[in-house]
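Welcome, and thanks for taking a look at this one with me. Here are some notes to read alongside the model.

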Number of protein chains: 6
Amino acid sequence: MAKEPTRAQQLLGDFAPKLVELTDEVLFGDVWQRPGLSPRDRSLVTVAALVALHRPEQLESHLRLALNNGLSQEELVEAITHLAFYAGWPSGMGALTRFRAIVENDAN
Amino acid sequence: MAKEPTRAQQLLGDFAPKLVELTDEVLFGDVWQRPGLSPRDRSLVTVAALVALHRPEQLESHLRLALNNGLSQEELVEAITHLAFYAGWPSGMGALTRFRAIVENDAN
Amino acid sequence: MAKEPTRAQQLLGDFAPKLVELTDEVLFGDVWQRPGLSPRDRSLVTVAALVALHRPEQLESHLRLALNNGLSQEELVEAITHLAFYAGWPSGMGALTRFRAIVENDAN
Amino acid sequence: MAKEPTRAQQLLGDFAPKLVELTDEVLFGDVWQRPGLSPRDRSLVTVAALVALHRPEQLESHLRLALNNGLSQEELVEAITHLAFYAGWPSGMGALTRFRAIVENDAN
Amino acid sequence: MAKEPTRAQQLLGDFAPKLVELTDEVLFGDVWQRPGLSPRDRSLVTVAALVALHRPEQLESHLRLALNNGLSQEELVEAITHLAFYAGWPSGMGALTRFRAIVENDAN
Amino acid sequence: MAKEPTRAQQLLGDFAPKLVELTDEVLFGDVWQRPGLSPRDRSLVTVAALVALHRPEQLESHLRLALNNGLSQEELVEAITHLAFYAGWPSGMGALTRFRAIVENDAN
C-alpha cells in the first residue's frame with residue numbers, strides 16, 4: 001500500500017529531492033522523534049523560533065502541529081504574548097493575528 | 001530593609017530608568033508571573049527566541065535562569081539541537097558552545 | 001459613550017487580551033506619550049526599525065502614522081533611501097515600493 | 001532612441017529618484033560590472049544573501065537573473081538545499097517552494 | 001597638506017579599496033550630505049537601524065556620531081527605550097548597556 | 001589509528017553528541033560532498049549567508065575554509081563588497097574588517 005506523500009514531498013516533490021529526504025528522514029524522522037524532549041516541547045520551541053524569525057508561512061503549519069502535539073490555544077497565545085517582548089512587538093502582533101485567523105477558520 | 005537591586009537596575013541604574021521600570025514591573029513583574037504558562041515553559045520559549053535571534057549576551061543569563069526554572073541541561077541541549085534546523089546551524093553551534101562554557105564554568 | 005476600539009482591539013479582540021492591554025496601555029498609552037521624544041521622532045525611529053527588520057505589514061500602518069505625526073513624504077523617502085545602506089537594498093527597495101503604493105492609493 | 005526604463009525606474013519612478021539613481025548607477029552600473037567576480041558568482045552570492053535574509057520578493061527576480069547569468073536550475077536547487085543548514089529550514093523550504101513556482105510558471 | 005584618513009580608510013585601507021571608496025564617496029560624501037534630512041535625523045534613523053539589526057560594533061561609533069550631530073543623551077536613551085518594544089528587549093537592553101559604557105568612558 | 005577529532009567534536013565533544021553527529025555525518029559528510037555544487041561554490045554560498053546573517057564567529061572559520069576551497073582573497077573581498085548592498089553596510093564593513101585581521105594574522 002502506497003504511503004501518503006509527506007508535506008515536504010507535496011511542496012517540493014522531485015524538484016528538490018535532497019531537501020525532501022533531509023526533511024523527512026533527518027528532521028522529522030530522527031530529530032523530532034528523539035525522546036530527550038517531548039513533541040509538545042519541540043512544538044513550543046519551534047513556534048518560538050518561527051515567531052522570533054518572523055517566518056509567517058511556516059508558522060501557520062507549525063501552529064496547527066502545536067495544537068496537535070498537545071499545546072492548548074491559551075498556552076500558545078500566552079507564549080506569543082511573552083515573545084512580543086523578546087522578538088519585538090511586530091513579530092508578536094503578526095503571529096497572533098495569524099493564529100487568530102487559523103483558529104477562526106478552523107472553527108467554520 | 002532595602003531590596004537587592006534587580007539585574008536591570010544593576011545594568012542600567014539611573015541611566016535608563018524607564019526601561020528598568022518596564023523590565024522589572026511589566027516584563028518580569030507581570031508577564032513572567034502570569035499563570036497561563038509555567039516559568040519552565042517561559043524559559044524554554046525565551047531561550048528558543050534568543051537562539052533564533054542570535055543574542056549571545058542575553059542567552060547566557062537566560063540559560064542560567066532556565067536551569068533554575070526546572071529545565072534540565074539535557075532538555076536544553078536537545079532543544080538547541082532541534083533549533084539548529086529552524087534557526088540555522090551557526091545559531092545552534094554558537095548557542096551550544098556558549099552553554100557548554102557556562103556549564104563547565106559553573107562546575108568549577 | 002463607548003470609545004472606538006483601538007487598532008489592537010480590532011486585530012486581536014478577545015483572542016489575546018493581554019497583548020491588547022500591553023499595546024494600548026503600556027506601548028501607546030505610556031511609552032509613545034512620554035515627552036522625552038516627540039511623536040514625529042518616535043515615528044521616524046519606528047519606521048527605521050520596521051524597515052531594518054523587514055516587517056512590511058506593520059510598516060504600512062506606521063508610515064501612515066508617521067505622516068500624521070508630521071513627517072513629510074519627502075523626509076520619509078529620504079530616510080528609507082538612507083536606510084537602504086544600513087539595512088540592505090532589499091529592505092530599502094521593498095519599503096519604498098510599499099510606501100509608493102500607499103501614497104498613490106490614498107491619492108485616489 | 002529612448003532607453004527602456006530599468007526595473008528600479010519602473011518600481012520607484014519619480015517617487016524615489018535618488019534610490020533609483022544609486023541602484024542603476026552604483027549598484028548595477030558599477031558594482032555588478034566589476035571584473036573581480038563573474039556575474040554568475042555575483043548571482044550566487046546575491047541569491048544566498050536573499051535566502052539567508054528571507055526576502056522573498058527580491059529573491060524571485062534574482063533567481064531569474066541567476067538563470068540568465070549562467071547558473072543552472074540544479075545548481076540553484078543544490079545551493080538552496082545547502083543554505084537550509086546555514087540559514088535555517090524555513091528559509092530553505094520557502095525559497096525552494098518559490099523557485100519551483102517560478103520554474104513551473106515559466107515552463108507554461 | 002595630506003588629508004587625515006577616513007574611518008573606512010583606517011579600517012580597510014588597501015585591503016578593500018572599493019568598499020572604502022563607496023563608503024567615503026557615496027554613503028558619507030553624497031547620501032549623508034543630502035539636504036532632504038538633517039544630520040541629526042539621519043543619525044536617529046541610523047541608530048534605530050543598528051539597534052534593530054543588533055550590530056553592536058557599528059552602534060558604538062554611530063552613537064558617538066549621533067551626539068555630535070545634535071541628539072542629546074536623553075533623546076537617545078528615550079529612542080532606544082522605545083525601540084525595545086519594536087526590536088525586542090534584548091536589542092534594547094544590549095544597546096543601552098553599551099551606550100552607558102560609552103558615556104561613562106567618555107566622562108573619564 | 002585514531003582519527004583526529006573534527007571541529008564539531010572539539011567544540012561540543014560529549015556535551016551535544018547529536019549535533020556533532022549531524023554536523024559531521026549529514027552536513028559535512030553528506031551535503032558538502034554532493035557533486036551538484038563544487039566546494040568552492042559551497043564556500044561562496046556559505047560565506048554569503050554568514051555575512052548576511054551577521055555571524056562573525058562562524059564567518060572566521062568559513063573564510064579560512066573558503067581560501068582552502070579555492071576562492072582567492074580578491075574574490076572574497078569583492079563578494080563581501082557586493083554583499084554590503086544586499087545585507088547592509090554594517091554586515092559588509094564588519095566582515096571585511098574581520099577578514100583583514102585573519103589575512104594579516106596568517107601572514108605573520
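The points below go from the symmetry of the chains to a few charged residues.

1. Please keep in mind as you read that this is a predicted model. The distances and accessible areas below are computed from it.

2. Let's start with chains A and F. Chain F is superposed on chain A by a rotation of 180 degrees, with 0.0 Å of shift along the axis and an RMSD of 0.0 Å. That is the relation of a two-fold axis. Both copies use the same surface, since 100% of the contact residues of chain F recur in chain A. If you want to find the axis by eye, look for F:Val26: its C-alpha, at 4.3 Å, comes closest to the rotation axis among the residues of chain F.

3. Next, is A:Arg42 buried or exposed? A:Arg42 sits in helix α3 (residues 39-53) of chain A and has a relative accessible area of 0%, so this arginine is buried. Its side chain reaches the backbone oxygen of A:Arg34 at 3.3 Å. Leaving aside neighbours within four places in sequence, the contacts of A:Arg42 include A:Trp32 and A:Leu37, and also B:Glu78 and B:His82 from chain B.

4. Side chains of opposite charge can pair when their charged atoms come close. One example joins B:Asp41 to A:Arg40, with N to O at 2.6 Å. This pair crosses between chains, from helix α3 of chain B to helix α3 of chain A, and both residues are buried.

5. B:Asp41 also has a partner within its own chain: a salt bridge to B:Arg40, the closest N and O atoms being 2.9 Å apart. The relative accessible area is 5% for B:Asp41 and 19% for B:Arg40. With a cut-off of under 20%, B:Arg40 therefore still counts as buried. A network of salt bridges links A:Arg40, A:Asp41, A:Glu75, B:Arg40, B:Asp41 and B:Glu75.

6. E:Arg40, in helix α3 of chain E, is buried at 18% relative accessible area. Its side chain makes polar contacts with the side chains of C:Asp41 at 2.6 Å and E:Asp41 at 2.9 Å.

7. Finally, which residue does C:Asp30 pair with in a salt bridge? The partner is B:Lys18, with the closest N and O atoms 2.6 Å apart. C:Asp30 lies in the loop between α2 (17-28) and α3 (39-53) of chain C, whereas B:Lys18 belongs to helix α2 of chain B. C:Asp30 is partly exposed, at 24%, while B:Lys18 is buried, at 8%.

Methods. Residues numbered from 1 in each chain as written. Chains lettered and ligands numbered in written order. Predicted model: local features only at pLDDT ≥ 70, side-chain atom pairs only at ≥ 80, totals over all residues. Heavy atoms only, no water. Least-squares fit on C-alpha atoms with pLDDT ≥ 70 in both. Contact = heavy atoms within 4.5 Å. Helix = DSSP H or I, 4+ residues; strand = E, 2+ residues; numbered from the N terminus. Buried < 20%, exposed > 50% of the residue type's maximum accessible area, 1.4 Å probe, protein only. Polar contact = N/O pair within 3.5 Å; in protein donor to acceptor, adjacent residues only side chain to side chain. Salt bridge = Lys/Arg side-chain N within 4 Å of Asp/Glu carboxyl O.
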